[in-house]
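Please examine the sequence and the three-dimensional structure shown below.

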Amino acid sequence: MTDVTSYLREWAMPHVLCPGCAHGIVLRSFLEAVDQLQLDQDKLAMVAGIGCSSRLVGYVDFCTLHGTHGRAPAFATGLKLARPELNVVVITGDGDGLAIGGNHLIHAARRNIDITVLLLNNSIYGMTGGQAAPTTPEGAIASTAPAGNAEPMFDACKLLVGAGASFVARVLAATPLEMTKVMAEGMSHPGFSFVEVISDCPEYYGRYNQLGGGAQMLTWMARRDAGVAVPLSTKRFVNHVPPSTAPAELVTGVLHREVRPVFTGVRRGPGS
Amino acid sequence: MPDAMLVQGNEACARGALAAGCRFYGGYPITPSSEIAEHMVRLLPDVDGVFVQMEDEIASLAAVIGASLAGLKAMTATSGPGFSLMQEHIGFATMAEVPCVVVDVMRGGPSTGLPTMPSQGDVMQARWGTHGDHPAIVLAPSSVGEVFDLTVRAFNLAERFRTPVIVIYDEVIGHIRESVVLSEHVEVEDRPYPASEPADFWPKLAPAHGVPPLPAFGDGYRFHVTGLTHDECGLPTTEAPLAGALMTRLHRKVADHAAEIIETESFMLDDAELAIFAYGIVARSAREAVVRARAEGVKVGLIRPVTLWPFPHAEVAAAAKQVDRVVVAEMNLGQMIGEVERAAVGQAEIVGHLRADGEPIKPSELLAVILAGGGGET
């Protein structure tokens, strides 16, 4: 394994994440990808919104922008257009990226601006105390859904393909080597790349839905036979609230890839 | 010397921005500000700048902040409804100390309101629109030429103090065309840049007072920017002494230099017994009304705040001291008048001439007020 401590601001720790949270595993896999690609630390900018996943940017030794709730893709757009030589990576969560920031995410995808978005999906609002998110499965318990979530959930990858993202992938926090491989592919892709990372939230989602601790949730995730932070799973969370949509298979890996013109803003054209 | 040109207020804004070194525009269409974007998209490519039309006003200012952190001078422009949406990032830029310029071309509100009749209904929002305690620098031009000059000044102040600066004017100023000579070369200020090498920069970022240096992302300085309350290294904190120190520094970096930021104009005030307080297009009407009233022998003058915030308390107090009455004329139902009362308390009687029906306040209207001794209908 690579020593990734040179990419960390160890003096900024201890970190805010709970025991059992898989976001740290996700971060490590990301730093492995950065190392594999030999990215210049001075030219890597990470942009985040608000939430548990977004707090990761405080602990990495790059240029880091911890913005406002949901707006990271818009901050990243200005950053990338103003300084195209930067590698720009957004870290967002499911609430940050798909609820309050859904508009910014789909428009960044539509433009095909050359940034990478890592969306860490833990199926719930963790930082604010376990409220239902747009990714909380129908029927699952949350602090604002004590009788089971009454709303259907987003499939983030389908949304992003529809919005025009030219690279769309899904990976599991339980499979770190796969995560690194897919993140590296996403960052190497010319244009907008989107990687949904299925993470966990044992503190709220796991506790409310009696799914055990972090290790147990990741084990289930790896086996893909339970609804542990796996939004497309078959598990029914509350007996009397059947899902209205047929459960889909949890598909991982690169789901969509195309090459199309990359948006660089309205600027002086080559040769003009 | 350049020739005089017939220029629209919004075009003067775009040209002023370019002269000040603006190289990034991110915006969203809204009347009566859209001409600024339409000029910027044509002007920026020629100076190696970048234009982007974003998905809304929230994203517009976010992109501007991103571009500013990448080292470009950056701006956006909008009107009331969009200005409401931008409040979130005006707060972020204040807290994270990211230089940027926001132009608000005012139309009638609240909500969708009166597109696109003039108004001055956003002047308090420009001061207090974003949540939390924060400084504000707001400039209010009252002519096409001044739109150019104050847009330049807004960039210079934003860079010097690392804070968002708002240029605010009404629809009349935005759309009026006047013959002006626009300088191509203006004095330009840049943000403070670190004197230290990258290795010595992080994590000791901010001085205890004043404005910390700001390198660009990609320059080799690796640092953290956050809207959370942070320590001098830029890292989030909830410790009261550190939070208090940050809030005090953000406030004082502007307040300590208020005298340099504040600009006012006086007209025929020396022997006046009655003063009109007006800004933006209303100040133009007031000036004409003062000239006409003087022709009839009435001792009246005008005080015009060019800087709305920080508010020119001393200047207004001095003007109030020498007159019996101050008429505050504004195109809203009474916003700056409260600040005039605070400044002039005990010095003079303060009365308002207020309207918020989408019609500009006309010279004849103010002349009637003056001839009635400052009283009359409001």
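Strand β2 of chain A and strand β10 (residues 224-226) of chain B run parallel and are joined by 3 bridges. Within this pairing, A:Thr64 has B:His224 of β10(B) as its bridge partner. Strands here are DSSP runs of E with at least two residues, helices are runs of H or I with at least four residues, and both are numbered from the N terminus. Two strands count as paired if DSSP finds at least two bridges between them.

The model is predicted, and local features need pLDDT of at least 70, side-chain atom pairs count only at pLDDT 80 or more, while totals for chains, interfaces and linings use all residues. Residues are numbered from 1 along each chain as its sequence is written, and chains are lettered from A and ligands numbered from 1 in the order in which they are written.

The pairing belongs to an open sheet of 8 strands with mixed pairing, in the order β7(A)-β5(A)-β6(A)-β4(A)-β3(A)-β1(A)-β2(A)-β10(B). Its edge strands, each pairing on one side only, are β7 (253-257) of chain A and β10 of chain B. Inside the sheet, strand β4 (residues 116-121) of chain A runs parallel to strand β6 (residues 193-198) of chain A, and 6 bridges join them. One of the bridge partners in β6(A) is A:Ser193, which pairs with A:Thr116.

The contact between the chains takes 34 residues from chain A and 39 residues from chain B; two residues are in contact if their C-beta atoms, placed from the backbone, lie within 7 Å. On the side of chain A that touches chain B, β2 (63-66), α2 (72-82) and α4 (102-111) each supply at least two residues. The most comes from α2(A), with 8 residues.

How do α2(A) and α4(A) lie relative to each other? Their axes come within 7 Å and cross at roughly 40 degrees; axes are lines fitted to C-alpha atoms, for helices over the stretch in contact, and angles run from 0 to 180 degrees between N-to-C directions. The two helices α2(A) and α4(A) are therefore oblique to each other, a term for angles that are not under 35 degrees (roughly parallel), over 145 (roughly antiparallel) or 65 to 115 (roughly perpendicular). A:Pro73, A:Ala74 and A:Thr77 of α2(A) make this contact with A:His104, A:Leu105 and A:Ala108 of α4(A).

Chain B, finally, comprises 14 helices and 16 strands. Its C-alpha trace spans about 70 × 45 × 40 Å along the principal axes.
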